[in-house]
Amino acid sequence: MALLEGQGLTKRFGGVVAVDDVTFSVERGESVGLIGPNGAGKTTLFRLLTGIHEPTEGRVVFNGDDITGMSPHRICHRGLVKTHQIVRPFENLTLLENATVGAQFGGRDPDDPEERAYKALEFVRLADAAHDPPDTLSVGALKRLEIARVLATDPDVLLFDEVAGGLDSDETEEIIDLIYDIKARGKTIFLIDHVMRALMTVSERIFVLDNGRLIAEDTPDKIQNNDRVIEAYLGESGNRDASNPISGD
């Protein structure tokens, strides 16, 4: 049985169809990527899965239970969490206090939230700055703090929304290594990223959205050579001899 499923998910905002009859499944322990052109519906799909938006049609099934329409905090308590595309730490709190918010208010284990938060900071290599404010951090470190906050909730599935966005090459490699370490803990990873080096490296399968519809699902190697996917990125008038926009190079 799949750990996370979307069944015929559709989301309309007035006359705009942001997600259009999307069906997929993610197995426990997988690392799955979600790609598509800007405006394809990727972040909206993640918001449907985590309860931020309620589907117009369709269902979200997590660990065998229908969680469609549940509030985000109830879904988080069940073990399904999402990072934010734009990192917004609590500026008036220390790093440890930021991570403790996740452990205390989202975590499934009510005991020792601060200890669990500190362990999450250790895991992302920020423990030395545990009592510092977040305004001392680089962009890469802020991304790792965001990961620590969701790890502190003790999740089964982590949805990463542009976790490598805005990072330099060294910071990107650090995030890739961190995602591998998280997966080695038995966690399931579902990620969106325009940094193809990161997404193609860590993903075992790739889903592709275009105009809200799921147009392809395959291994990274096959997705990179899928004509329909390349056309979605380049457009019908795009130069077919141009560098592959999804190669990860």
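Six strands make up an open sheet with mixed pairing, in the order β6-β7-β8-β3-β9-β10. Pairing here asks for at least two DSSP bridges between two strands, and the elements themselves are DSSP runs numbered from the N terminus (helices are H or I with at least four residues, strands are E with at least two). The edges belong to β6 (80-82) and β10 (213-218), each with a single partner strand, so one side of each has no neighbour in the sheet. On average, neighbouring strands are turned by 20° against each other, direction ignored. The model is a predicted one, in which local features need pLDDT of at least 70 and side-chain atom pairs count only at pLDDT 80 or more, while totals for chains, interfaces and linings use all residues. Residues are numbered from 1 along each chain as its sequence is written, and side-chain values use heavy atoms, with hydrogens and water left out.

Helix α1 (residues 42-49) touches β3 (31-35), β6, β7, β8 (188-192) and β9 (205-210), and its direction makes about 145° with that of β8; contact means heavy atoms within 4.5 Å, and angles run from 0 to 180 degrees between N-to-C directions, with axes fitted to C-alpha atoms (for helices, over the stretch in contact). Helix α6 lies across β3, β7 and β8, running at about 150° to β8.

What does α6 meet in α5? Glu171, Glu174, Ile175, Leu178 and Ile182 in α6 meet Gly140, Lys143, Arg144, Ile147 and Leu151 in α5. By class, that makes five nonpolar, one polar and four charged residues, where Ala, Val, Leu, Ile, Met, Phe, Trp, Tyr, Cys and Pro count as nonpolar, Asp, Glu, Lys and Arg as charged, and the others, Gly among them, as polar. The axes of α5 and α6 (residues 169-184) come within 10 Å and cross at roughly 15°, and the two helices are therefore roughly parallel (under 35 degrees; over 145 is roughly antiparallel, 65 to 115 roughly perpendicular, and the rest oblique).

Helix α5 (residues 139-151) also packs with α4 (residues 113-123), at an angle of about 140° and with the axes 8 Å apart. That pair is therefore oblique. Ala120, Leu121 and Phe123 in α4 meet Leu145, Ala148 and Leu151 in α5, a contact of six nonpolar, no polar and no charged residues.
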